[in-house]
Amino acid sequence: MVDRVFAGILLLVTICYGYIAFTIIKAPFQYDPLGPESWPQILCILSVISLLILMWKPDVESFDTKRPTWIKLAIVTVLLFAYAELYEPLGFIIATVIFTTFMSRLLQATWLQAAVFGVTLGVLGYLICTGLLGLNLPSGPFPKL
Amino acid sequence: MQEVLSGLSTGFGVALLPFNIMLVLIGCFAGTLIGALPGIGPINGVAILLPIAYSLGLPAESALILLAGIYYGAEYGGRISSILLNVPGDAGAVMTTLDGNPMARRGEAGRALSLSAIASFIGGTFAVILMSLFGPSLAKIAVTFSPSDYVALMVFAFASLASLVGKNAWKTFMGALIGLMLATMGIDANTGIPRYTFDVPDLLAGIDFLVVVIGLFGMAELFYLVEQQVSGKLKALPIDNSFVRMSDLAKTKWTILRCSIIGFFIGILPGTGASVASAVAYGFEKRFAGSDAGEFGKGDIRGLAAPEAANNAAAGGAMVPMLTLGIPGSGTTAILLGALLLFNVQPGPMMFMQRPEIAWGLIASMYVGNIALLVINLPMVGIFSRMLTVPQHYLTPIIAVLAFIGVYSIVSNPFDLYLIIILGIFGWILRKLDFPLAPVILGFVLGGLLEDNLRRALSISAGDWSILFNNWKSIILYVCALAVIVIPALLNRWFKVKKPTLDVK
């Protein structure tokens, strides 16, 4: 069932993809027999065929994921988006400390373990990556190393 | 032969530089660690560490030596979690659990670990030797390939992918198509027309290869680990003092040799890697043992040596098409191929001539790496086994932090951070629905190449499609493509060979 739904969604996306390929993409002038639109057109046709076959014969019934797990996955997604959102404004250290602490707590560490781990990873990670390896990370309120 | 020797001397000149030796050691050590971590396999390890290796500013050959070290190191370390935990790090290590774990449970963990280390070493070294012998001649043939031959070659690659990887061939095919479609985003190189950019400036250059790799293999893995975490605690079996005996080696020497050969040649097939190789090798040895096979699955040393020799040989074999044809032989080598492109090195037949320090340097480093792995693994296996019990609440956040560091330090664009999360969710869904992920990355890496060659072939023929079938090289390749689809189907019917049950990455 999920299989069919997913294939259906992919089919919709593929049809949009094909619509763009068949109507919008055009080169004003070209010397080659195949323009920029031909390859996406071929891909679209092949995808529609294989998606129809997949919808005809699905083989995965359900995600087999329980409700608490779904909630956990949703929280992880929110945490990740928050981490991405805060990455530049707060800088690597603070964003990482916050993210790691909550993430680790979510995965059944105690608050103390989580906080210690978060601070260690944030500070140590920043020092190693920017100081030792010379990578570019957002420094936030702290002066750049 | 002359050429091989001079190539090897160039290669060892590069690989034996102290800095590069250090990178081999770091790569092998990190790889073994990653392989030993339950649930994280070679492909995730290489995916998560690739951007960091890239932004270190190493020269191309050093970066590749490091990444390749992580790759075969992880292939090597995968056996530790298979044997002690009964949890394979990736699909290539599934078969190792069948006999490795029963041995550990009856108190022979040390013997199982040391025997499998030696089998892995022989498989790996065997593959590098074959690679140095065959690589250059294969490259010489490949130099003469025309654009239409390349199209045929890639059709062959996708055919072997669809027939050998995953449970449902249509899902594998669809995975490859998703990768190919993702690759069409961005400005078309031939005409300068933007495709599927939706006027978002961040998409003009297409989706960055690193973003796709980290999203599909790093972030998706993270979601998968979070999901699995609820399902109880893992307990590692203790390592005892038992050690491999000379009689074990005498008993398994032909098994190891046969499986090395099987593994190497399956690894060469474009698209198929360690997972298929170890499954086929295990099945073959079991059948080969005949009436003597009663112990297989209960802790037979042959059943342990066979998949280990094969998956390490396959890791080497998978490098061959990547280096000589520019077509990756597995998901992980697809990532290595993308890494070469990042360094502006065009992988393929010309690499042996134009950039011998990279092609041969990599091959030579694998000789060094295999020895290093054996030396690291025999005495230090206790350290790696301690990694098995690293709690998930420490491991999982580290993956996210490493992925963010990797993406941000290269492009410094917060937009890509959102993109990896979205791709991660997408990858997780694909994985849950039994779509193998390796074809997606293969499609993404090969998409541009396939389209370019198709368009070039048709401009040579002024639009006549028959050019794709009018020379013997392409016809042979199409025949191979057909064979790789038909033969396994027939073999399946004859022998009822079981494919690996884990999804093939």
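**Note on a predicted two-chain model**

1. B:H393 touches A:S104, A:L107, A:Q108, A:A109, A:Q113 and A:F117, leaving aside residues up to four places away in sequence; contact means heavy atoms within 4.5 Å. B:H393 belongs to helix 17 (residues 392-411) of chain B. Helices (H or I, at least four residues) and strands (E, at least two) are DSSP runs, numbered from the N terminus. With 10% relative accessibility, B:H393 counts as buried. Buried means under 20% relative accessible area, exposed over 50%, and partly exposed in between (1.4 Å probe, protein chains only).

2. This is a predicted model, in which local features need pLDDT of at least 70 and side-chain atom pairs count only at pLDDT 80 or more, while totals for chains, interfaces and linings use all residues. Residues are numbered from 1 along each chain as its sequence is written, chains are lettered from A and ligands numbered from 1 in the order in which they are written, and side-chain values use heavy atoms, with hydrogens and water left out.

3. In chain B, helix 1 (residues 2-15) packs against helix 16 (residues 356-387) at an angle of about 75°, with the axes 7 Å apart. Axes are lines fitted to C-alpha atoms, for helices over the stretch in contact, and angles run from 0 to 180 degrees between N-to-C directions. The two helices are therefore roughly perpendicular (65 to 115 degrees; under 35 is roughly parallel, over 145 roughly antiparallel, the rest oblique). Among the residues making the contact are B:L8 and B:F12 of helix 1 and B:W360 and B:Y367 of helix 16.

4. Helix 2 (residues 18-36) of chain B has 19 residues and spans 27 Å from first C-alpha to last, close to the 27 Å expected at 1.5 Å a residue. The expected span is 1.5 Å times one less than the number of residues. Its buried residues include B:N20, B:L23, B:G27 and B:G31. Among the elements covering the buried residues of helix 2 are helix 1, helix 3 (42-55), helix 4 (60-85) and helix 16 of chain B.

5. Most residues other than glycine have a negative phi. B:F198 has a positive phi, near 50°, and B:D199 has a positive phi, near 60°. B:F198 lies in the loop between strand 2 (194-195) and helix 9 (209-229) of chain B, and B:D199 is in the loop between strand 2 and helix 9. B:F198 is exposed at 55% relative accessibility, and B:D199 is exposed at 76%.
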